[in-house]
Amino acid sequence: MANGLQNPSSSAPFLLKLISEQKLEPKQLSTHQRRICVRYLLQQGSYMQVEIAAILKCPEAYVTRDKHKIQDQNAWILDELDERRI
C-alpha cells in the first residue's frame, strides 16, 4: 500500500482486536488471515498452541498445521537469502 501503510485486513493486531471486541467471528478469517494471527501470537512468546486455538476458535490441529506452514515459509525465505549471498 502507499506510504508504507499495512492493509488492516492483513494486520494481526487489528484482526485480534476485532475478535476480542466480538466485532469479528474468528471463523470468518481466511486461511491467510488466520496464519497471520497464528504467526503474531507465536511471536509474542506467551501463548501455547491450545491457547491460540481457543482465541481463534479453531481446532488445535489447524494451529499446528499453520505453525508448520509458517516454519516452511521461513526456511524457504532463509534459503533464498543464503543463495543470494553466494
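This is a predicted model: local features need pLDDT of at least 70, side-chain atom pairs count only at pLDDT 80 or more; totals for chains, interfaces and linings use all residues.
Helices (H or I, at least four residues) and strands (E, at least two) are taken as DSSP runs, numbered from the N terminus. Residues are numbered from 1 along each chain as its sequence is written, and side-chain values use heavy atoms, with hydrogens and water left out.

Gln-22 sits in the loop between α1 (12–20) and α2 (31–44), and though not a glycine, Gln-22 has a positive phi of about 60 degrees. Gln-22 is also exposed, at a relative accessible area of 75% (exposed is over 50%, buried under 20%, partly exposed in between, with a 1.4 Å probe and protein chains only). Further along, Lys-57 lies in the loop between α3 (49–56) and α4 (60–85). Lys-57 is not a glycine either, yet has a positive phi of about 50 degrees; with 44% relative accessibility, this lysine is partly exposed.

Next come the cysteines. With a disulfide taken as a pair of cysteine sulfur atoms within 2.5 Å, the count is 0. Cys-37 is in no disulfide, the nearest cysteine sulfur being that of Cys-58, 10.0 Å away. Seen from the other end, the closest cysteine sulfur to that of Cys-58 is in Cys-37, and 10.0 Å is too far for a bond. Cys-37 is buried, with a relative accessible area of 0%, and Cys-58 counts as buried too, at 14%.
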